[in-house]
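Please read it alongside the sequence and the model.

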Amino acid sequence: MIEAHGLTKRYGSKTAVDGIDFTVHPGRVTGFLGPNGAGKSTTMRMIVGLDHPTAGTVTVQGRPYARLRSPLTEVGALLEAKAVHPGRSARGHLRALAATHGIGDKRVDQVIEMAGLGPVARKRVKGFSLGMGQRLGIAAALLGDPHTLILDEPVNGLDPEGVAWVRGLAKHLAAEGRTVFLSSHLMSEVAVTADDLLVIGRGRIVAQGPVADVVARATSTTVRVRSPQATELAAALSGPTATVEAIEPGLLEVHGPSAAEIGELAAASRFVLHELTSVSGSLEQAYLSLTADAVEYHSATEGTDPSPAAAGAAGTTSPEAQR
Amino acid sequence: MSTATTPRTEHAHHAAPAPAVRLTPWHVLRSEWIKIWTLRSTLWTIGLTIVVLVLLAWAMAASAGVAPGQFAGGEGSASMVYMVLAPGQIFGSLVLVVLAALSITGEYGTGQVRSTFAAVPSRLPVLWAKGLVVAVVTFATAAVGTALSLLLAGAIEPAMQPDWSDPEMLRIVVGTPLYIATVALLGFALGALMRNTAATIATVIGFVLVVESVLNLISWKPLEYVRPFLPSSAGARVATPEEFLDMTNQLATQAVDLSPWGGYAVLVGWVVVILGAGALRLRTRDV
């Protein structure tokens with residue numbers, strides 16, 4: 001269980017984390033989602049005491065991390081790949097960390113095997129790829145067989161096998177009753193692993209709760225309408241409560257009214273419809289609409305105003321992403 | 001404010017960790033011991049230091065410049081032994097100060113410190129354990145180098161075999177590695193405070209090599225009150241026979257004539273103050 005109350009971190013005049021409150025529950029995987037620079041890493045660093053909060057508190061199992069008698073068995077954290085001296089071997093690094101808690105070499109070799117680092121365990125970390133560094137960081141987090149696991153962008157740089165391993169591991173550990181808190185800037189990544197979501201933007205929590213609830217609240221349903229009279233239909237539909245977009249000749253995407261309402265209007269106006277499909281919002285769409293106002297760094301190529309409506313229109317309806 | 005999501009089973013049914021698994025100062029010390037020996041640079045530095053100390057002693061013994069009888073004590077006197085060890089005192093402290101500084105600035109430079117402090121969030125035990133490990137390793141290195149130097153020099157030039165009846169002999173022989181290890185700790189303490197390898201090494205070597213030497217050359221009256229308290233010059237007194245201390249005092253007048261151990265205490269004082277400042281900074285700063 002991780003609890004934050006009014007947690008704040010300011011660097012000079014810049015507020016990285018702005019008085020956030022949240023609870024991360026045991027027995028569930030909680031996804032910590034937010035765009036780059038939203039405050040995810042800073043929050044995680046404050047949980048394990050590397051950064052000191054400007055205001056507010058954060059506790060693990062009811063205690064500040066620094067007061068834990070056995071931090072590594074309470075919390076395992078991967079905060080950044082390669083928080084490692086590059087001149088040390090993977091095994092040397094893990095042995096040194098394990099030694100702080102009197103954890104023996106047997107456990108060290110165990111986590112090396114779990115993380116698939118066997119063949120490179122005695123090689124210096126200097127030559128490790130991003131993925132290998134990531135595996136080493138996860139191995140380090142697992143050393144103390146902790147009650148709480150905090151993973152910052154754990155699948156970064158991992159190969160597909162590694163990604164599957166991390167997902168399985170997170171679910172498995174949560175099923176054992178542990179607290180699993182993992183961050184990502186990708187909704188699709190978090191959605192396949194997490195039970196709960198904590199969405200952060202510009203240092204503030206913009207949504208939290210079970211994944212389905214957060215997504216439902218953030219998405220508006222889109223109706224796809226195919227009609228030979230699309231232009232006339234669009235004119236008829238347009239109004240203060242509806243946004244209509246022509247995707248291609250004869251195909252409209254309508255936001256606002258339900259499929260039933262559109263069908264009734266079409267019937268009343270004697271328009272021919274070839275298709276009338278209700279498309280529920282995608283995860284990415286929900287994410288974009290949640291964080292649209294809170295994105296710190298817009299990519300230059302985007303060019304357009306990333307308002308929720310625009311972001312919503314951009315949301316695709318790929319079947320994998322639908323929930 | 002937190003929209004709490006439904007808490008599920010609070011009870012983790014995984015095995016409780018064995019009681020021995022716990023963060024203790026002793027375990028942190030063990031961790032730091034593993035850390036220093038799992039870096040190849042440690043072995044290289046130690047090997048290099050010992051080899052160069054012995055080579056310097058060999059050069060001193062082989063050179064004809066040192067004639068028995070030149071000093072008060074004569075053959076096997078503390079002054080003779082000091083002649084063998086003096087170059088190594090300078091070289092040994094310069095190399096081991098780098099090893100000591102790197103042991104802590106290397107943590108900051110590589111990001112290792114975040115792993116370290118996540119494991120030991122109280123942080124200070126890391127500083128004490130690392131300092132102790134550095135002290136033991138540098139002292140042992142300098143002691144082995146000193147012993148081998150004396151054996152070799154004595155074998156080449158019998159006049160340089162230590163005469164243990166000389167009352168100053170033990171102080172010079174033990175004082176040499178003690179001085180070297182303590183200067184190394186000064187580098188360690190500065191590293192803890194400055195957190196940056198280049199800045200730390202430039203400061204400690206620049207101060208010891210340049211600033212202290214320059215201050216010892218300028219014959220400005222007020223400097224007489226500064227000179228006795230310069231860390232390296234003061235500390236070196238513990239490894240210098242009285243005969244040479246008198247010579248130094250004549251070259252650069254000092255307002256206070258510190259005893260050998262008094263001088264060493266000044267060096268220790270510098271280490272303690274800088275390490276204390278480093279400890280204060282360590283507790284409060286983000287890493």
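Angles between elements run from 0 to 180 degrees between N-to-C directions, with axes taken as lines fitted to C-alpha atoms, for helices over the stretch in contact. The model is predicted. In chain A, helix H1 (residues 40-47) lies across E1, E2 and E4, and runs at about 115 degrees to E1(A).

- Three strands of chain A form an open sheet in the order E2-E1-E4, with antiparallel pairing.
- E2 and strand E4 (55-60) of chain A are at the edges with a single partner strand each, so one side of each has no neighbour in the sheet.
- From one strand to the next, the twist averages 20 degrees.
- Seven bridges join strand E1 (residues 2-11) of chain A to E2(A) in the antiparallel sense.
- Within E2(A), Val24(A) is the residue opposite Ile2(A).

**The contact between chains A and B**
- Chain A contributes 49 residues to the contact and chain B contributes 42 residues.
- On the side of chain A that touches chain B, the elements giving two or more residues include strand E2 (14-24) and strand E9 (204-210) of chain A.
- H3(A) gives the most to this side of chain A, with five residues.
- The residues on this side of chain A comprise 19 nonpolar, 18 polar and twelve charged.

**Chain B**
- Chain B has ten helices and zero strands.
- Of its 287 residues, 45% count as buried in chain B.
- Among chain B contacts between residues at least 6 apart in sequence, 83% join residues at least 24 apart.

Technical notes
Residues are numbered from 1 along each chain as its sequence is written. Chains are lettered from A and ligands numbered from 1 in the order in which they are written. This is a predicted model: local features need pLDDT of at least 70, side-chain atom pairs count only at pLDDT 80 or more; totals for chains, interfaces and linings use all residues. Helices (H or I, at least four residues) and strands (E, at least two) are DSSP runs, numbered from the N terminus. A residue is buried if 20 or more other C-beta atoms lie within 10 Å of its own, exposed if 12 or fewer, and partly exposed in between; C-beta atoms are placed from the backbone. Two residues are in contact if their C-beta atoms, placed from the backbone, lie within 7 Å. Ala, Val, Leu, Ile, Met, Phe, Trp, Tyr, Cys and Pro count as nonpolar, Asp, Glu, Lys and Arg as charged, and the others, Gly among them, as polar. Two strands pair if DSSP finds at least two bridges between them.
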